[in-house]
Every structure is written in C-alpha cells, then in structure tokens.
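These are my notebook entries on one structure. I list what I looked up and what I found.

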Amino acid sequence: MQKFKLEIWFRIVGIGSASGLIFSDQTLYVISDNAGYLYQYHTESRILDRIPVVLSENPENIAKALKPDFEAVVKYQNSIYLFGSGSTDARQILYTVNLTNKAVQKIDLSALYDRMRSVSLIDIEDFNIEGAAFHNAKWYLFQRGNGAKGENGIFIIDGKIATDSPIAYQSVTLPKINGISSGFTDAVVHGDHFYFLASAEDTPSTYEDGDVAGSAIGKMSIADFKVERFLEISDSVKFEGITFYQNTDDKITFLLCEDNDSDILESAIYKIDLDD
C-alpha cells in the first residue's frame, strides 16, 4: 500500500460537512456532522434523497450546541446505524434507519458511553467516537485522540449495542502527520483488516475545529490491532468517511468524503486506488 491514486469522483450538491459514507447497491448513504438527515445518493441517476432522522427547524445545518454530530455510520442487515460522537450530552444517541420502510429508531447511548469511558479511563472531555464497524458479531467503535489526553483507541462490544453488553478497549498509537498528532476519523472492514482514516488538526479540543495538517489512510489487522500501513494522502483535506468500492487484480479502491467544516452544502466524494 505504498502507491495510491486519489481523485475527486463527483460532487454532491445538497450535502455539507460530510462525515461518513456507505456504498451499497450503487447507492451512497452519507451522513453529515451538521445535519439531521441520512442522505441517499443514487450514483447512476445522480438523484439525492433525504431521509429525516432528527427533527429540527434547520435540518441541513443544526446549531452546533444541539446537533447530534453523526460521525460514524454502519450498514448492518437492512438498517443503517448512525452514531453520535459522544462529545456532548446531545451527541450520545444512536439512530437506526430501516431501509425498507424508512422507520427511524432512537436509542440512548449515554449509559453505554459512560461504561466505555470507565473501561478506557478516558474523560468525557476527551471522548470522541469517529468511526464504527461490525465484524463477526462484534461492534468496533473508534475513539479519536484529539483531546488533551490524545489517546486513540478501539472499543470492542460483543453482540448488541446495549447498555449491558461486554466491552473491551484497545489503545492504538498512530504516527504523526506533518509533526502533529493524528486521530482516527473513520474505518471500514475489508477481509481480515480495518482500513482506517486519520487526520491531524492543530487543536486539543474534541469540540472546536482546528487548522488541518493533513490526512492519512491506514491498514490494521483485526486480530491484533497492529497498524501495518500508514500512508499520508493529503496535506490539506480532512477526510472523515471511508467505504469499500471495488477490488481488481492488483489494487483496492475506496470512496472517501471530506468534512469541509463550513455551511456550504456541497460535498466532494473522492476515489482512492491503493496497491495492496
């Protein structure tokens, strides 16, 4: 995974601050950390649909203090799971969307997130879930280490996402990007590995954005959480979402989205080819 080709695949008008995506059956499901929608973009027709998840007077740009801060998204069975980051009380909710009837279920994760903080010894000020994945009956939630403690890690939850589910925690050390500590921003399972994104921002806060120092893509063994590859792919773009696209004989392709940290309702979707 030493060589890569990164290009903009297309732009979606109507989505701002994209923070996660899933590609399935020629459809992109996109979340935004500012919005209360699950976006459904049909890549062949280029039609954008919106599935309401959180009621708001301005669901495209919810006020920062009130927003659910969707940062992690997983497709499991026939539902999409949207996780709040946990960095404030309003951000400790999981929403599920049934793709057949578009029914939305709201699940309070505050007690589960409390247990996760207890297991990991991470204070609420430093707690920030930025990615999620499901593999072999286990959920993996990725902690971004951009708080004062600066600790990246992975929470492993057996079975259901429930308050009393068994929880384990694995701390992970990531390389710096341009001299600044990096933190997880998303991850996806492919084969027996996680492919993850990390970015570096010049801020100690889990709440306030900072100047972007760059982004990287990495490969990690699911079995032992060993980081096998870490490749810097941009000095200026904060990539926050990754989804598998396709394999060929000599390369693997993922789709990425960026969080532009603005109110502009336009998002670039990138395609990255890796020699793997």
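Which residue in β20 is the bridge partner of Leu255? I find that Lys271 takes that place.

**Entry 1: basis of the values.** I note that this is a predicted model, in which local features need pLDDT of at least 70 and side-chain atom pairs count only at pLDDT 80 or more, while totals for chains, interfaces and linings use all residues. Residues are numbered from 1 along each chain as its sequence is written, and side-chain values use heavy atoms, with hydrogens and water left out. For the elements I use DSSP runs numbered from the N terminus: helices are H or I of at least four residues, and strands are E of at least two. Two strands are taken as paired if DSSP finds at least two bridges between them.

**Entry 2: the sheet that holds β20.** I looked up the strand order and read β1-β20-β19-β18, an open sheet of four strands with antiparallel pairing. β1 (4-13) and β18 (239-247) are the edge strands; each has a single partner strand, so one side of each lacks a neighbour in the sheet. From one strand to the next the twist averages 25°; the angle is taken between N-to-C directions, on a scale from 0 to 180 degrees, with axes as lines fitted to C-alpha atoms (for helices, over the stretch in contact).

I then went through the pairs. β1 and β20 are joined by nine bridges in the antiparallel sense, and Val13 stands opposite Glu266 in β20. Strands β19 (residues 251-258) and β20 (residues 266-275) run antiparallel and share seven bridges. Ile252 has Leu274 in β20 as its bridge partner. I also checked the burial of β20: eight of its ten residues are buried, where buried means under 20% relative accessible area, exposed means over 50% and partly exposed lies in between, with a 1.4 Å probe and protein chains only.

**Entry 3: a second open sheet.** I recorded another open sheet of four strands, in the order β2-β3-β4-β5 and with antiparallel pairing. Its edges are β2 (18-24) and β5 (47-52), each with a single partner strand, so one side of each has no neighbour in the sheet. The twist here averages 25° from one strand to the next. Six bridges connect β2 with β3 (residues 27-32), and the two run antiparallel. Phe23 is paired with Leu28 in β3.

**Entry 4: surroundings of Ile233.** Which residues does Ile233 contact, leaving aside its neighbours within four places in sequence? I list Phe4, Leu6, Ser215, Ala216, Ile217, Phe239, Leu256 and Ile272, contact being heavy atoms within 4.5 Å. Ile233 belongs to strand β17 (residues 227-234) and is buried, at 8% relative accessible area.

**Entry 5: loop residues.** Asp69 has a phi of about 55° and lies in the loop between β5 and β6 (70-76). Gln77, with phi near 55°, is placed in the loop between β6 and β7 (79-84). Are these two residues buried or exposed? Asp69 is buried at 4% relative accessibility, whereas Gln77 is exposed at 62%.

Arg91 is buried at 2% relative accessibility. Arg91 and Asn128 are 37 residues apart in sequence, and their C-alpha atoms are 9.7 Å apart.

**Entry 6: the second largest pocket.** The volume of this pocket is about 280 Å³. Of its 17 lining residues, Ile22, Lys75, Val188, Val189 and Thr243 are the closest to its centre. For the term, I use a 1 Å grid over the protein atoms alone: a pocket is an open set of points with protein on both sides within 12 Å along at least five of seven lines, a cavity is a set where a 1.4 Å probe fits but cannot get out, and lining residues have an atom within 4 Å of a point. Points are joined across faces, edges and corners, and the volume is the space filled by probe spheres set on them.

At least two lining residues come from each of β2, β6, β10 (129-135), β14 (183-190) and β18. The lining divides into 13 nonpolar, two polar and two charged residues. Here Ala, Val, Leu, Ile, Met, Phe, Trp, Tyr, Cys and Pro count as nonpolar, Asp, Glu, Lys and Arg as charged, and the others, Gly among them, as polar.
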